[in-house]
Amino acid sequence: QYAGVKFLNAVSSAIQRHTKPQDTIFAFMNGYVLHAHRQIFPDTVYEVSSTSLFPNLSDKEAREYKLLSPNILLSYFKEKKAKVIVLERPGRLDALSVEISANYKDEIESILTTDYVLLEKVHKYPENISGPVVYIYRAK
């Protein structure tokens, strides 16, 4: 198997181990969640490979088009609407500081630290191939 396929399988297996089929999972890379046969977060259904975060949309526009604005994303995390959060590092969260501002990234990190518990880190690439580390968090 290719390293990428092995990694996808490892992440999907970890998601399955830590979730129930009815759990709603937020991920910037929805492919992990779909491959694990779990439910992706409702307002991210238009994106199969990655979740669209639109920093320039108003909250009203984002809700209308079932997309995410920074404020909506923060409220979902604060309200623990996603039972599980799956993040890549480096990945989309790290890019948020460029797209939105460091303030949102810092606030998300704070929410993860106080309101979620880290369940597992997945890094299954061979030593000679650099790849992301996937972090799986569950709401406390």
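1. Helix α1 (residues 3-18) comprises 16 residues, and 23 Å separate its first C-alpha from its last, close to the 22 Å expected at 1.5 Å a residue; the expected span is 1.5 Å times one less than the number of residues. Helices (H or I, at least four residues) and strands (E, at least two) are DSSP runs, numbered from the N terminus.

2. This is a predicted model, in which local features need pLDDT of at least 70 and side-chain atom pairs count only at pLDDT 80 or more, while totals for chains, interfaces and linings use all residues. Residues are numbered from 1 along each chain as its sequence is written, and side-chain values use heavy atoms, with hydrogens and water left out.

3. The buried residues of α1 are Ala3, Phe7, Ala10, Val11, Ser12, Ala14 and Ile15. Buried denotes under 20% relative accessible area, exposed over 50%, and partly exposed the range in between (1.4 Å probe, protein chains only). The cover over these α1 residues includes β1, α2 (30-35), β3, β4 (116-122) and β5.

4. Strand β3 (residues 84-89) is largely enclosed by the rest of the structure, because 6 of its 6 residues are buried. Val84, Val86 and Glu88 point one way, and Ile85, Leu87 and Arg89 the other. In a regular strand, side chains alternate between the two faces of the sheet.

5. Strand β1 (residues 24-27) runs parallel to β3 and is joined to it by 3 bridges; strand β5 (residues 133-139) runs antiparallel to β3, with 6 bridges. Strands pair if DSSP finds at least two bridges between them. Valine 84 is the bridge partner of isoleucine 25 and stands opposite arginine 138 in β5.

6. In helix α4 (residues 70-78), 7 of the 9 residues are buried, among them Ile72, Leu74 and Phe77. Lysine 80, which follows α4, has a positive phi, near 55 degrees.

7. The structure holds 4 salt bridges, each a side-chain nitrogen of Lys or Arg within 4 Å of a carboxyl oxygen of Asp or Glu. One of them joins glutamate 120 and arginine 17 (2.7 Å, N to O), linking strand β4 to helix α1 across 103 residues. Arginine 17 is exposed, at 52% relative accessible area.

8. Another salt bridge joins aspartate 23 and arginine 138 (2.9 Å, N to O); aspartate 23 lies in the loop between α1 and β1, and arginine 138 is 115 residues away in β5. Aspartate 23 is buried at 9% relative accessibility, whereas arginine 138 is partly exposed at 24%.

Terms used: Contact = heavy atoms within 4.5 Å.
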